Amino acid sequence: MKKALRSFEDKAYGSEVAVLYYSGHGIEMNGTNYLIPTDAVLKSDRDVEDEALAMERAERSLNGATRLKLIILDACRDNPFVTTMRRERKSASRGVNAGLGRVEPTSTDTLIAYAAKAGSTADDGDGEH
């Protein structure tokens, strides 16, 4: 996922508009939002920084666009690992939350669209996708 994001970043550089669409799960840990790749294995909170992608990094990948940066987060805002993930970092001021926290754009030419508002979850549905 990180390599794909880097490739996208190179292609978006110098464009007028860049759009990043993410469909999947996300979590918040210690005030930082992370997007969870499909092959991530999050057995404990120590795995998050290594296995998931910081939302801030995803947002930075659009910085090369000159007019509009659009991020579409089709994320359920829930953590599929919440029942199995161990909390091992005792020094953290906040642990792993159930899903993505509030995400605000860092620049005035950035728009972020969500499938669900902060503090709520979107329905995955019953089918395969």
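Predicted model: local features only at pLDDT ≥ 70, side-chain atom pairs only at ≥ 80, totals over all residues.
**Entry 1: salt bridges**

I started with the charged side chains and got a count of five salt bridges. I then went through some of them one at a time.

I looked at R6 to begin with. R6 pairs with E9, and the closest N and O atoms sit 3.6 Å apart. Both are in helix α1, which I have as residues 2-12, and they are three residues apart, so about one helical turn separates R6 from E9. I also checked how much of R6 shows: its relative accessible area is 46%, which makes R6 partly exposed.

R6 has another partner in D10, with 3.4 Å between the closest N and O atoms. Here the spacing is four residues in helix α1, so again D10 and R6 are separated by about one helical turn. D10 comes out at 48% relative accessibility, and I noted it as partly exposed.

Which residues are linked with R6 in a network of salt bridges? I found E9, D10 and R57 in the network along with R6.

Next I went to helix α3, residues 55-60, where E56 and R60 lie four residues apart, about one turn of the helix. Their side chains meet in a salt bridge, 3.2 Å from N to O. E56 is exposed, at 55% relative accessible area, while R60 is partly exposed at 38%. The cut-off matters for my wording: E56 gets "exposed" because that label applies over 50%.

**Entry 2: P105**

I moved on to P105, which I located in the loop between β4 (68-75) and β5 (110-114). Buried or exposed, or something in between? P105 is partly exposed, with a relative accessible area of 31%.

What does P105 touch, if I leave aside its neighbours within four places in sequence? I listed E59, T110 and I112 as its contacts. I also took the distance to I71, which is 34 residues away along the chain: the C-alpha atoms of P105 and I71 are separated by 9.2 Å.

**Entry 3: a nonpolar patch**

V17, V19, L68 and L111 make a nonpolar patch of about 310 Å². I followed up on L68, which is found in strand β4. L68 is partly exposed, with a relative accessible area of 33%. That value lets L68 into a patch, because patch residues need over 30% relative accessible area.

**Entry 4: the core**

Last, I looked inside. The largest nonpolar core has 25 residues, and V48, M55, A58, I71 and L73 are those with the most contacts within it. Which elements each supply at least two residues of this core? My list reads α1, β1 (17-29), β2 (32-36), α3 and β4. Of these, β1 gives the most, with five residues.

Leaving aside neighbours within four places in sequence, M55 is in contact with N33, Y34, L35, I71, L73 and V103. Two of those names, I71 and L73, I had already written down among the core residues with the most contacts. I71 is also the residue I had used for the C-alpha distance from P105.

Conventions: Residues numbered from 1 in each chain as written. Heavy atoms only, no water. Salt bridge = Lys/Arg side-chain N within 4 Å of Asp/Glu carboxyl O. Buried < 20%, exposed > 50% of the residue type's maximum accessible area, 1.4 Å probe, protein only. Contact = heavy atoms within 4.5 Å. Patch = residues over 30% accessible without salt bridge, like charges linked within 9 Å, V, L, I, M, F, W, Y side chains within 5 Å. Areas by Shrake-Rupley, 256 points an atom, 1.4 Å probe, with all protein chains shown as cover. Core = buried A, V, L, I, M, F, W, Y, C linked by side-chain atoms within 4.5 Å.
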